[in-house]
Amino acid sequence: MTTTPTTDGPAVSAAVEHDRLVIAGEEFGSRLIMGTGGAPSLQVLEEALLASGTEMTTVAMRRVDPTSTGSVWDVLRRNRIRALPNTAGCFTATDAVRTARLAREALETNWVKLEVVADEHTLLPDPVELLDAAERLVDEGFVVLPYTNDDPVLARRLEQVGCAAVMPLGAPIGSGLGIRNPHNIELIVEQAGVPVILDAGIGTASEAASAMELGCDAVLLATAVTRAQEPVLMASAMRDAVTAGRLARRAGRIPVRRYAHASSPAVD
Amino acid sequence: MDVIVNGERRDLAPGTTVADLVRSLTDATGGVAVAVNDEVVPKAAWSGTPVSAEDRVDVLTAVQGG
């Protein structure tokens with residue numbers, strides 16, 4: 001299942017092993033957070049989650065459907081993947097707070113991926129409601145991970161009210177448009193004192209790597225994997241892309257130059 | 001008595017508890033939460049909480065999303 005290269009020397013292995021993502025004091029070995037929406041079946045979802053190496057995965061809260069069989073909650077529990085409930089479908093701070101409280105009761109976690117969107121068409125975060133909800137949930141003792149716009153000012157405000165991470169979008173949810181404003185993502189990374197998780201918009205592996213190269217601490221994605229033609233293969237690609245992007249960021253890329261710089265010695 | 005369960009009107013026997021109601025909807029033991037009139041009822045209180053006529057009861061669970 002894994003395709004971990006066997007040629008890594010001890011220095012690289014150690015660099016990966018000791019490079020933990022820390023959110024609110026909790027450590028994660030994987031910097032890929034998965035969503036679960038859009039998978040063709042629970043079985044494919046389970047295989048994709050395992051291939052992705054994710055240690056934390058989002059779920060939504062909805063009314064019980066007595067006719068449904070199997071549950072994503074069981075999939076996560078048996079694979080020891082932490083469930084991160086979201087507040088998807090909420091348009092106001094009040095809705096989001098209510099959903100977060102229910103999720104805390106159902107899933108026995110005070111962590112929440114806070115989503116408060118403005119409209120069905122764009123699913124873009126509503127900054128006013130988002131900040132209000134974040135503040136209220138932090139006050140109630142939640143560990144709040146807000147899905148936010150790629151706006152450095154809003155990201156700063158979310159951090160100031162006590163969010164445990166900020167999760168700027170690369171592009172609208174499910175769009176696969178990649179990272180539309182890498183400059184803003186860099187600005188958010190530069191100023192953030194909490195982890196920055198690129199959330200939404202990723203379409204393929206190079207974009208996940210790019211997010212990490214920009215300095216993000218982690219990537220959250222769902223559709224790119226669950227709606228890929230081969231979700232399990234894409235999950236594996238995403239795992240490697242996030243690892244590669246992280247290593248490249250830490251390695252420090254060469255400066256961009258306008259002219260050639262010979263890599264072989266000059267002829268005598 | 002009439003109770004609104006997950007948005008649908010249902011006729012329930014007087015004395016029905018939240019725990020009875022959850023059991024009638026799902027056999028899942030974990031991953032479920034209940035709100036009565038928008039207030040969360042903690043799991044430990046389900047069996048001791050009767051529902052009343054015209055209550056709005058929402059029974060939620062984790063589903064694929066996000």
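Colleague: How many Å is the polar contact between the side chains of Lys113(A) and Glu115(A)?

Modeller: This is a predicted model, in which local features need pLDDT of at least 70 and side-chain atom pairs count only at pLDDT 80 or more, whereas totals for chains, interfaces and linings use all residues. Residues are numbered from 1 along each chain as its sequence is written, chains are lettered from A and ligands numbered from 1 in the order in which they are written, and side-chain values use heavy atoms, with hydrogens and water left out. A polar contact is a pair of N or O atoms within 3.5 Å; within protein, one must be able to donate a hydrogen and the other to accept it, and residues adjacent in sequence count only if both atoms are side-chain atoms. For the side chains of Lys113(A) and Glu115(A), the value is 3.4 Å.

Colleague: Which UniProt annotation covers Lys113(A)?

Modeller: Lys113(A) belongs to strand E6 of chain A, residues 111–114; helices (H or I, at least four residues) and strands (E, at least two) are DSSP runs, numbered from the N terminus. UniProt positions follow the numbering used here, feature names are shortened, and annotations may be inferred rather than shown by experiment. According to the UniProt record, an unreviewed entry, the annotation covering Lys113(A) is "active site".

Colleague: Is Lys113(A) buried or exposed?

Modeller: Buried means under 20% relative accessible area, exposed over 50%, and partly exposed in between, with a 1.4 Å probe and protein chains only. Contact means heavy atoms within 4.5 Å; leaving aside neighbours within four places in sequence, Lys113(A) is in contact with residues including Thr58(A), Leu84(A), Tyr147(A) and Asp199(A). Because its relative accessibility is 3%, Lys113(A) counts as buried.

Colleague: Which side chain does a polar contact of 3.0 Å join to that of Asp199(A)?

Modeller: Asp199(A) lies in strand E9 of chain A, residues 197–199, and is buried, with a relative accessible area of 3%. Residues up to four places away in sequence not being counted, Asp199(A) touches Tyr147(A), Met167(A) and Leu220(A), among others. The partner in the polar contact of 3.0 Å is Lys113(A).

Colleague: How many disulfides does a search of the whole structure find?

Modeller: A disulfide is a covalent bond between the sulfur atoms of two cysteines, and the rule here asks for sulfur atoms within 2.5 Å. Cys216(A), which is buried at a relative accessible area of 0%, has its sulfur 16 Å from the closest cysteine sulfur, in Cys163(A), and is therefore too far away for a bond. Over all chains, the number of disulfides found is zero.

Colleague: With which residue does Arg31(A) form a salt bridge whose closest N and O atoms are 3.0 Å apart?

Modeller: A salt bridge is a side-chain nitrogen of Lys or Arg within 4 Å of a carboxyl oxygen of Asp or Glu, and the structure holds 20 of them over all chains. Arg31(A) lies in the loop between strands E2 and E3 of chain A, and its partner in the loop between helix H1 and strand E1, so the pair ties together parts twelve residues apart in sequence. The partner at 3.0 Å is Asp19(A).

Colleague: What area do chain A and chain B bury between them?

Modeller: Buried area is the accessible area (1.4 Å probe) that two parts lose on being put together, summed over both. Here 26 residues of chain A are in contact with 24 residues of chain B, and ten residue pairs are in polar contact, both at pLDDT 80 or more. Of the area buried, 60% is on carbon and sulfur atoms, and the total is about 2,100 Å².

Colleague: Which residue of chain B meets Glu108(A) in a salt bridge?

Modeller: Across the interface of chain A and chain B the rule finds three salt bridges, one of them between Arg98(A) and Asp38(B) at 3.5 Å, N to O. For Glu108(A), the salt bridge of 4.0 Å, N to O, is with Lys43(B).
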